[in-house]
Amino acid sequence: MAAGTGRGREGRRKRPAGGGETRTGAALGLFAEVVLAGVLVAVGSLLLVTAVPSLAAGVAHVRRQVTGHDIGVARFVRDWWAAVRALWPLGLAAVGVALLLALDWRLARADVLPGAGVVAVVVAVAAAAVVVVLARAAGAWSEPVAAGEGPGLTAREALAVGAQRTQDDLTGTVLLAVAAALCVVFVWMLPPLVLVAGGLLALAVVGVETRRRGRPA
């Protein structure tokens, strides 16, 4: 009887270890897919106008990993092409806005404009807002694609949803802005991290959207 009790206790001690190994394996798997997504997003963004579609495909990739759907490079490529066809207007607009903000930032830093300090703050806030709206638009496009429920939204629909979520979920908006700022800092400190920044931002989008859906109505 005592021996049986001892074996029972030993079995109970071993189960948590197995569960811990399972959780560790899942975490390592997610980390690996985030790194892979970052590399794929970086490569897909080489044309610049494909940066937003690449992020959308990266979000779909990470979302599939989290929800247990099929993943892989071939699937990412198919999603990337579908996102390029649907979201290229957002990619083109993003490049135009980025060039405009970069020009304003350089003028503010050169003290050419009056109130250069205020202009620099406004440019930084505007850049953060643009990044968050585009990231949430990419997340909105990826939702039906990752779930296998059909094609993603059009550029106009994705932008409208992204802007609405940015306004309605202010906490998520701040979290995404912080995530984007951290990605910029990481790349500034160590430029090769640009290869994983897209995956980290995609993970942040998935996390923020999961949090938003989990909030009580």
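Predicted model: local features only at pLDDT ≥ 70, side-chain atom pairs only at ≥ 80, totals over all residues.
**Exercise 1.** Does Asp-169 count as buried, partly exposed or exposed, and at what relative accessibility?

*Solution.* Start with the cut-offs: buried means under 20% relative accessible area, exposed over 50%, and partly exposed in between (1.4 Å probe, protein chains only). At 1% relative accessibility, Asp-169 counts as buried.

Residues are numbered from 1 along each chain as its sequence is written, and side-chain values use heavy atoms, with hydrogens and water left out.

**Exercise 2.** Find the salt-bridge partner of Asp-169 and say what the pair ties together.

*Solution.* Step one: a salt bridge is a side-chain nitrogen of Lys or Arg within 4 Å of a carboxyl oxygen of Asp or Glu. Step two: Asp-169 meets the side chain of Arg-211 at 3.2 Å, N to O. Step three: Arg-211 lies in helix 7 (residues 194-214) and Asp-169 in the loop between helix 5 and helix 6 (170-189), so the pair ties together parts 42 residues apart in sequence. Helices here are DSSP runs (H or I, at least four residues), numbered from the N terminus. Finally, Arg-211 is partly exposed at 32% relative accessibility.

**Exercise 3.** Describe the salt bridge between Arg-212 and Glu-209.

*Solution.* First, their closest N and O atoms are 2.7 Å apart. Next, the two residues are 3 apart in helix 7, separated by about one helical turn. Last, Glu-209 is buried at 0% relative accessibility, while Arg-212 is partly exposed at 21%.
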